[in-house]
Amino acid sequence: MRIVPVNEYRVEVTLSPEELDGYDITYEQLDYADPDTRRVLWTLLSEVRRSSGVDLDLSGKLLIEATRETDGGCRVSFTSLPPRDGQNGSVKQLVKTETPPVVLECANLDDAALAAAACRTDAPSALYTLRGRYRLVFRVPSAERSAVALRVCEFGALPPHPARLAAECGEYWQCVSEDNAAAILRRLI
């Protein structure tokens, strides 16, 4: 478990797939209405308090964001907002999101191979083609996302809305390699 206090109001906790198993919960099961989810969240807050010394004010509004990580883990962010005058203090909200992939569009296969060599990640990656263009889709953990994007951007374009583009690839583009495209492309160099 990695605990990162962002400031006095926000703490991020990253759990590996094994740690999620240890808490007997999955990302899909996270639902604040479920007692098991609340048990896990309050256990995490206790661990945050114990290990980092950060004591979030739970009497006000608490925003809980759960983000699926590409390795099967989960990042849970707790943001405590003090109550405003005239508002009820105890409001808890759980929001779930997924880490968007890095999508690189290349003009040719050579550029895709060079990008794969430069990416320096073993995270799952897919290669798609359509009308002579290629898209590399890297499903990297959120902590690696910016670094991978910086390493590969010189070999193609990083268009906006990567989650939509990845879905578009799955539906309209021809899949060349679904899980380990970067490793296969590296062998071409």
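In which sense, parallel or antiparallel, do strand E2 and E4 pair, and over how many bridges? Before I answer, please bear in mind that this is a predicted model. Strand E2, residues 10-15, pairs with E4 in the antiparallel sense, and six bridges connect the two. Within this pairing, Val11 has Phe78 of E4 opposite it.

E4 also pairs with strand E3. Strand E3 covers residues 61-68 and strand E4 residues 74-81; the two run antiparallel and are joined by eight bridges. Here Glu65 has Ser77 in E4 as its bridge partner. E3 and E4 make a hairpin, with five residues lying between them. In that turn, Gly72 adopts a positive phi of about 95 degrees.

How many of the eight residues of E4 are buried? The number is seven, and E4 is thus mostly covered.

I now come to the surface. A patch of negative charge is found there, formed by Glu18, Asp21, Asp24, Asp36, Asp71 and Glu144. Let me take one member, Asp36, which is placed in helix H2, residues 35-52. Why is Asp36 classed as partly exposed? Its relative accessible area is 42%, and the partly exposed class lies between the buried limit of 20% and the exposed limit of 50%.

Thank you for your attention.

Conventions
Residues are numbered from 1 along each chain as its sequence is written. This is a predicted model: local features need pLDDT of at least 70, side-chain atom pairs count only at pLDDT 80 or more; totals for chains, interfaces and linings use all residues. Side-chain values use heavy atoms; hydrogens and water are left out. Patches are made of residues with over 30% relative accessible area and no salt bridge: like charges are joined within 9 Å, nonpolar side chains (Val, Leu, Ile, Met, Phe, Trp, Tyr) within 5 Å. Accessible areas come from the Shrake-Rupley method with a 1.4 Å probe; for residues, only the protein chains shown count as cover. A salt bridge is a side-chain nitrogen of Lys or Arg within 4 Å of a carboxyl oxygen of Asp or Glu. Lys and Arg count as positive and Asp and Glu as negative; His and the chain ends are not counted. The place of a charge is taken as NZ of Lys, CZ of Arg, CG of Asp or CD of Glu. Helices (H or I, at least four residues) and strands (E, at least two) are DSSP runs, numbered from the N terminus. Buried means under 20% relative accessible area, exposed over 50%, partly exposed in between (1.4 Å probe, protein chains only). Two strands pair if DSSP finds at least two bridges between them.
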